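Q: Could you take me through some features of this model, giving the general idea of each and then the case at hand?

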Amino acid sequence: MPRSLPEDPLIRSLVVQARRAQLTRRGMLAGATAAATALALAACAPAGANKLKPASDVSSTDKKMIWANWPLYMDTTEGTGAHPTLDSFTTKSGIKVDYREDVDDNSSYYAKVKDQLALGKDIGADTVCLTDWMVSRWIRFGYTQTLDHSKIPNIKNLNPNLLNIDYDKGRKQSLPWQGGFAGICWNKQEFPNGFTSVSEMLKEPKLKGRIEVLSEMRDTVGLVMLENNVDISGNFTDAQFHNALAVLKKNIDDGVIRSVKGNSYTEDLVSGDALAAICWSGDVTATNASNGDKWTFAIPDAGGTLWNDNFLIPIGAKHKANAEAVMNWYYDPQIAAEVAAYVNYITPVVGAKEAAASIDPVLAENNLIFPDEATLKKAHVFHTLTPAQEQSYSSAFQSVLLGA
Amino acid sequence: MAFGAFSGETVVIEQPRRRSRAALWLLLPGVVYLAATYLAPLVSLVVTSLKTPDLTNFDIGRYQYAFEIGNYGHVIATYWPIILRSFGYSALATIFALLISYPLAYFIGVTLRTYPLWQALALILVIAPFFMSFLLRTLAWKAIFADEGPVIHFLQSLNILPANAHLNGTPFMVIFGLTYNFIPFMALPIYTSLERLDLRLLEAGSDLYANPGSTFLRVTVPLSLPGVVSGTLLTFIPATGDYVNASPQFLGSTQTAMVGNVISDTYFNLQDYPSAAALSIILMVLILIPVAIYLSVTKTEDLL
């Protein structure tokens, strides 16, 4: 029996509205359930696990390429923002280079492009420079194209130590761009005597809450492991890794280490929030140049870490030959020296030191750009982790970073 | 109100008319839009949160479809202190924002009512910060509260802070940042409620021998309650999931991580999608519970 509605017109219309709304809500719920089921089924469909095919190269007809790189990693004219070595490359080769400072962090860049990579699609870059361990992951997943060494004759200038790296023997998929050290730095106005080890910094009472360390696990944990006499380039044990991590955790919990950060630690050095840090070699030079000569960088006595950022050509890149032409250009010792003079990182190009000496003899003597044997002896490369190790170590590191 | 209508003789009137098909068709774009932008991501989130690592072919970020409820237990066991902390920070920020915003909104909406020009100007001042990216504003606070910055030096010269004290990276700064960033979201809804406040009701209150405090509590507050409720929700919900203020790049440090930071880090740095998805769902459910209780206590669900 239909229930009677109230007489009052205002209330009646409200009741009618409410009933309608109820009907709609029920209909919506039914629709929603159906949609959810359909989507769940769609989501469960097996994903195709095909081997990825490299994109076809249109370099010969389309004279351009896109290069994604980290900030402050290319010679730049103050004021205009022009990149002299890139401009001269374009003049010589006729290839227009769209240089983008797109990479801020290995993991976040990977997170941004991984879905296109998995489908073999263009990620909007014909070459990108990433750090060793991340390059190793790309190669493992088949996300890179094989380099044609005949198009990169200058590869003969590659530092022989970097040729047969464990993740890419013979450099068929990758090519070093710049390398650097992770070490320690401090404000030399506050601490004129400086430090020689991480633990010395951690023990200094005046530095409590004024130390920052890098969020790059291999560098920060690596330095502490080196101090514990662990060979980070060999097969160390899980316990050795976790011992070093425990040192960091304790100092973070006690408030000795103020923060764990990516490249933005330089801002805290400038603001004075941090007076000392675990940091990257080139950053200190650059920060000193723009904020007054206040900081000193050193490789700890126990050793520092050494890493390289490497060119690779993503699987979906359509301008492979153009990208190879760019690589070849930067393996010319003269060009490599010009870049080194600006970025202050280690060049992988043999002969760049001699070329640099003709530009600026002081530059060629800088051990952080052209390291001598003694400096290189103190630098260690963090050995390539298996995926399972990487997952478990980085999870442990992450939970220390989050204070959990 | 015509309550008498219910007690009178019942009059049978026609049932609500059958809706025409046109109405359904008009509804379609909205439903499709919601399905695509809300339902599909939600389903995908639930499905992702139940995945397990691909053990036969293990590698970073490779997961397979499964029904692994254990993911939820794992993230709760690992991150429960951070989840609690997020709610604590967010609740404190909401309370502070309310304490600051209510007098502000009252001043603009009631006191300045007779000066429309000043009222407009004051409103612009509340909205003005939106003209600049909130990331930049938050970074500016970081510089102001830097160890070598003006605030710390001033407080140290007054001996309020010890010599090596710092503010950046402390819970104080994170709650400060959350409060600051959400004040407009709190102030504007309260302002719209108070702006409509009929001042004659206040006069009536005093005519009935209520003192100003009791008039405020019995007349002004209930009438502005819709604004307060929407303001607190607009503050509390996004503040709980906020990951900017608490991140070490901004005002936080490793000791102040909030659940948003955990989700972002597990997703982007660890490529641990199931954990990130499970945490997102837990956060969503945990926010819904207090919000539902809050709405039923304040009896304002028809606001939403």
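A: Let us begin with burial: a residue is called buried under 20% relative accessible area, exposed over 50%, and partly exposed in between, with a 1.4 Å probe and protein chains only. B:Y267 is partly exposed, because its relative accessible area is 32%, whereas B:Y273, with a relative accessible area of 13%, is buried. This is a predicted model, in which local features need pLDDT of at least 70 and side-chain atom pairs count only at pLDDT 80 or more, while totals for chains, interfaces and linings use all residues. Residues are numbered from 1 along each chain as its sequence is written, chains are lettered from A and ligands numbered from 1 in the order in which they are written, and side-chain values use heavy atoms, with hydrogens and water left out.

Q: How many aromatic pairs does a search of the whole structure find?
A: A pair of aromatic rings is described by the distance of the centres and the angle of the planes. Rings of Phe, Tyr and Trp (its six-membered ring) pair if their centres lie within 6.5 Å, and planes under 30 degrees apart count as stacked, over 60 as edge-to-face and the rest as tilted. Over all chains, the search finds 31 such pairs. In one of them, the rings of A:W67 and A:Y330 have centres 5.4 Å apart and planes at 65°, so this pair is edge-to-face. The pair links distant parts of the chain, since A:W67 lies in strand 1 (residues 64-68) of chain A and A:Y330 in helix 10 of chain A, 263 residues apart; here helices (H or I, at least four residues) and strands (E, at least two) are DSSP runs, numbered from the N terminus. Both A:W67 and A:Y330 are buried. The rings of B:Y267 and B:Y273, with centres 4.9 Å apart and planes at 55°, form a tilted pair.

Q: What does A:N322 touch, leaving aside residues up to four places away in sequence?
A: Contact means heavy atoms within 4.5 Å. A:N322, whose place is in helix 10 (residues 320-330) of chain A, touches A:S59, A:D62, A:K63, A:K64, A:M65, A:F89 and A:I95. At 3% relative accessibility, A:N322 counts as buried.

Q: Is helix 15 of chain A mostly covered or mostly open?
A: Helix 15 of chain A is mostly covered, with 11 of its 15 residues buried, among them A:Y393 and A:F397. Helix 15 of chain A is followed by A:G403, whose phi is positive, near 70°.
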